[in-house]
Amino acid sequence: MTHTVHPTSAHRPARTVLISGASIAGPALALWLHRYGFEPTVVERADELRAGGYKVDLRGTAVDVCRRMGIMDEVRAHSTDMQTGSYVDENNRTVGEMPAEIFGGRTGDDDEIMRGDLARILYERTRDDVEYLFGDSISSLAEDEDGVLVTFENSAPRRFDLVVGADGMHSHTRRLVFGDAQRFRRHLGAYISIFTAPNDLNLDRHEAYHALPNKLVCAYSSRGEQKAKNMFVFASPAEIPYDHRDVAAQKSILTNAFSQDRSWEIPRLLTNAESADDFYFDSISLIEMDRWSKGRIVLLGDAAHCTSPASGQGTGLALIGAYTLAGELAAAEGDFEKAFAAYEHHMRPGVEHTQAFAQKFVGEMTMDSKWKIKLRLLMLRSLPKMPWRNFIAKKITEDVQKMAHIVPIKEYREYREYVEDAAGPARCAA
Ligand SMILES: Cc1cc2nc3c(=O)[nH]c(=O)nc-3n(C[C@H](O)[C@H](O)[C@H](O)COP(=O)(O)OP(=O)(O)OC[C@H]3O[C@@H](n4cnc5c(N)ncnc54)[C@H](O)[C@@H]3O)c2cc1C
């Protein structure tokens with residue numbers, strides 16, 4: 001790719017924005033940019049909106065952003081409505097149970113939704129106003145004084161004022177603009193896999209966890225779901241080489257990692273991976289970059305700063321980032337350098353705090369000894385009988401709640417004007 005950064009100060013305001021990636025960050029940004037009068041186009045490599053993924057928490061500031069997007073009613077309508085979470089022993093006996101809210105560190109208006117449902121809500125909210133190019137990908141980016149010339153794998157070349165990489169942890173945009181992906185990715189020593197499976201355990205809005213040294217297995221079923229989700233996590237300090245687009249290879253890595261484990265329902269759950277058509281597998285990793293933009297190209301969500309599934313905040317940060325980036329672009333009236341700097345300045349401290357949490361928490365997901373597991377189970381079993389159980393439950397959620405509010409919502413005049421111009425506050429309140 002040719003990428004030269006050009007001076008920008010005396011330019012006409014940016015209007016057309018190409019966004020790479022139609023999961024969470026991409027469509028959320030498109031929604032905000034359209035509201036502020038930009039012309040966003042979203043290109044997604046998959047042929048259609050990708051289904052699947054885990055349930056994702058929306059807490060604190062992210063809930064506020066969802067309200068401002070006007071999607072909170074729909075989020076609630078698709079809430080997982082999880083009731084309880086438990087740890088089970090090798091014979092499927094419950095050894096400790098907690099309300100799902102405490103398991104997820106949620107309070108007040110916080111909610112939880114399947115990633116695929118949230119992606120669909122955002123897509124349906126934007127598809128009439130925003131151009132989507134499915135089954136395509138950026139081939140090259142050439143920046144000049146007036147914009148970026150983009151060539152695609154399938155579509156004809158086009159010019160855009162700005163380009164946003166919202167294409168996830170393995171961001172293609174990041175690779176084109178900043179180079180070698182390995183430089184920015186920090187493997188946290190574990191792998192995670194999630195997929196849809198038959199609900200053989202008859203779980204109803206309940207999640208069951210089974211811990212082994214260096215491994216964690218989970219099955220759950222959320223509201224209205226006939227099927228269950230199975231999740232496998234295993235520690236692997238060394239990185240396992242594989243092509244992140246080669247699903248068959250990923251399935252066999254997972255099967256090998258658990259092939260000796262016979263306890264609980266592991267063999268049965270493992271066979272479900274074979275037939276899963278929404279199989280998700282990835283390293284639990286962070287993306288750490290010195291800066292998130294170069295010239296007219298900026299990164300958003302996991303592409304910029306993946307905080308990993310161990311943080312439980314990746315989706316929330318993607319939504320807050322989209323709100324902030326669009327707000328800054330609108331406020332800067334086209335001065336994208338100013339906007340990109342303000343967006344990064346606002347997001348970075350919260351992102352770094354969240355990444356530090358994820359590094360610590362990944363060890364809690366894959367406890368490395370039988371003793372640690374025993375202690376965790378003992379604590380869970382004793383908790384309901386403890387006189388100070390409410391205090392302990394509060395402590396469990398405290399760290400998560402701190403993170404959920406660590407990036408404050410920024411007020412943009414443009415957002416207020418949108419609220420006033422539209423049908424009044426009712427349109428934006430959920
Ligand atoms: C199918 C799927 C399942 C997931 N499951 C989980 C999960 O179970 N647990 C969890 O913690 N996180 C999961 N994630 C990641 C989670 O969605 C993100 O951490 C978070 O929501 C931030 O979203 P994002 O939009 O920044 O990135 P992502 O959600 O990763 O989305 C990136 C998007 O970019 C698209 N893309 C990739 N390359 C290109 C390209 N060259 N051109 C155009 N588009 C491209 C991808 O197809 C995807 O739609 C999943 C992501 C996906 C796509």
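## Residue classes and basis

Ala, Val, Leu, Ile, Met, Phe, Trp, Tyr, Cys and Pro count here as nonpolar, Asp, Glu, Lys and Arg as charged, and the others, Gly among them, as polar. The model is predicted, and local features need pLDDT of at least 70, side-chain atom pairs count only at pLDDT 80 or more, and totals for chains, interfaces and linings use all residues. Residues are numbered from 1 along each chain as its sequence is written, and side-chain values use heavy atoms, with hydrogens and water left out.

## Cavity

A search of the whole structure finds one cavity of 30 Å³ or more. A cavity is a set of points, on a 1 Å grid over the protein atoms alone, where a 1.4 Å probe fits but cannot get out; lining residues have an atom within 4 Å of a point. Grid points are joined across faces, edges and corners, and a volume is the space filled by probe spheres set on the points.

The largest cavity holds about 40 Å³ of space. Its lining consists of P198, N199, D200, L201, L203, A219, A228, N230, L269 and N272. Two or more of these residues come from each of β15 (228–235) and α8 (266–275); helices (H or I, at least four residues) and strands (E, at least two) are DSSP runs, numbered from the N terminus. By class, the lining has six nonpolar, three polar and one charged residues.

## Aromatic contacts

There are 24 aromatic pairs in the structure, where rings of Phe, Tyr and Trp (its six-membered ring) pair if their centres lie within 6.5 Å, and planes under 30 degrees apart count as stacked, over 60 as edge-to-face and the rest as tilted. F195 and F232 are stacked, because their ring centres are 6.0 Å apart and their planes lie at 15°. This pair links distant parts of the chain, with F195 in strand β12 (residues 185–197) and F232 in strand β15, 37 residues apart. Both F195 and F232 are buried (under 20% relative accessible area, 1.4 Å probe, protein chains only).

## Parallel strands

Strand β2 (residues 39–44) is largely enclosed by the rest of the structure, because five of its six residues are buried. Strand β1 (residues 16–20) pairs with β2 in the parallel sense over five bridges; two strands pair if DSSP finds at least two bridges between them. S20 has V43 in β2 as its bridge partner.

β1 also pairs with β11 in the parallel sense, over four bridges, and L18 has V163 in β11 as its bridge partner. Strand β11 (residues 162–165) is covered on both faces, with L162 and V164 buried on one side and V163 and G165 on the other. Three bridges join β11 to the parallel strand β18 (residues 297–299), where I297 is the bridge partner of V163.

Technical notes: 1 Å grid on protein atoms, 1.4 Å probe; cavity = no way out; pocket = protein on both sides within 12 Å on 5 of 7 lines; lining within 4 Å. Buried < 20%, exposed > 50% of the residue type's maximum accessible area, 1.4 Å probe, protein only.
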